[in-house]
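Please find below my notes on the annotated site in this model. They are set out as numbered points.

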Amino acid sequence: MAPSIDRQGYWGRPTSTLDWCEENYVVSFYIAEFWNTVSNLIMILPPIYGAIQTFRDGLESRYICSFLGLAAVGVGSWCFHMTLLYEMQLLDELPMIYSTCVFVYCIYECFKQEKGVSLFPIAILFIFSVSVTVVYLQWKEPVFHQVMYGALVACLVLRSIFIVTWVYPWHKPLFYTSLAIFLLGFLLWNIDNIFCDSLRASRQTLPPGVGVVTQFHAWWHIFTGLGSYLHILFSLQIRSTYLKYRPKVKFLCGVWPTLHIEPQRTS
């Protein structure tokens, strides 16, 4: 949807090609879309922890890049929703393409020798990323970005279904949990877009604490952030299983899922 003029705030009139359903500058003069901004914390803090944990476990740098890529998307999305400036929109949308390319590389190269690097898929994904960037900078059509991102996600899903169906079926729970949570976020994203006028009208009559629950784009951040984080854990789980480690999902403080890699068994 095109930018709408709600209230004027610190960052001035929106220059982005998208302006979401949350009313602008209602909560804070300095943050255009408050709830859409702060909901990105789930895409920033847990992935940073995941990157640190992966580094400590001595695992391959591609998974560190996966976690940091997701964190970069969260930072970019924070900047975009805070300002609604076109430059910040690019900082949100283009890292979505780049980080998902890293996810694709990880899941498609999970059955290769340890520490090995495959140049051909890297070259293909690099060309894809550059092509999408060049086209999107010239043709500022959000639907193009959404289709390209959706194509990458489809590649992830198809590859993952193959793995849990034919290779490691005992890893189904983590994958299908990741997928279900991501699809729930996608559903809420669509509801937010299609029924925006009704949602905005309902917020005028609902108590503020209840109206916050209808900020479905913020829920999209939360669920897709969690779904993406779980996908990285799943990809890391598959890789470490192939390398004959013993991956185990544990919960930090009994709540947040993390993956711990135990050393190989020695005979």
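1. Does H217 count as buried or exposed? The model is a predicted one, and in it H217 has a relative accessibility of 3%. The cut-off for buried is under 20%, so H217 counts as buried.

2. H217 belongs to helix α10, which covers residues 216-242. Leaving aside residues up to four places away in sequence, H217 touches W20, N36, H81, W189 and D192.

3. The side chains of H217 and H81 are joined by a polar contact of 3.4 Å.

4. H81 sits in helix α3, made up of residues 61-83. Its relative accessibility is 1%, so H81 counts as buried.

5. The contacts of H81, with residues up to four places away in sequence again not counted, are W20, A32, E33, N36, T37, N40, H217 and H221.

6. On the annotation: the UniProt record, an unreviewed entry, lists H81, H217 and H221 under "binding site". These residues span 141 residues in sequence, but no two of their C-alpha atoms are more than 11.3 Å apart, so they gather at one spot. H81, H217 and H221 are also part of the lining of the largest pocket.

Note on methods. Residues are numbered from 1 along each chain as its sequence is written. This is a predicted model: local features need pLDDT of at least 70, side-chain atom pairs count only at pLDDT 80 or more; totals for chains, interfaces and linings use all residues. Side-chain values use heavy atoms; hydrogens and water are left out. UniProt positions are given in the numbering used here, feature names are shortened, and annotations may be inferred rather than shown by experiment. On a 1 Å grid over the protein atoms alone, a cavity is a set of points where a 1.4 Å probe fits but cannot get out, and a pocket is an open set with protein on both sides within 12 Å along at least five of seven lines; lining residues have an atom within 4 Å of a point. Helices (H or I, at least four residues) and strands (E, at least two) are DSSP runs, numbered from the N terminus. Buried means under 20% relative accessible area, exposed over 50%, partly exposed in between (1.4 Å probe, protein chains only). Contact means heavy atoms within 4.5 Å. A polar contact is a pair of N or O atoms within 3.5 Å; within protein, one must be able to donate a hydrogen and the other to accept it, and residues adjacent in sequence count only if both atoms are side-chain atoms.
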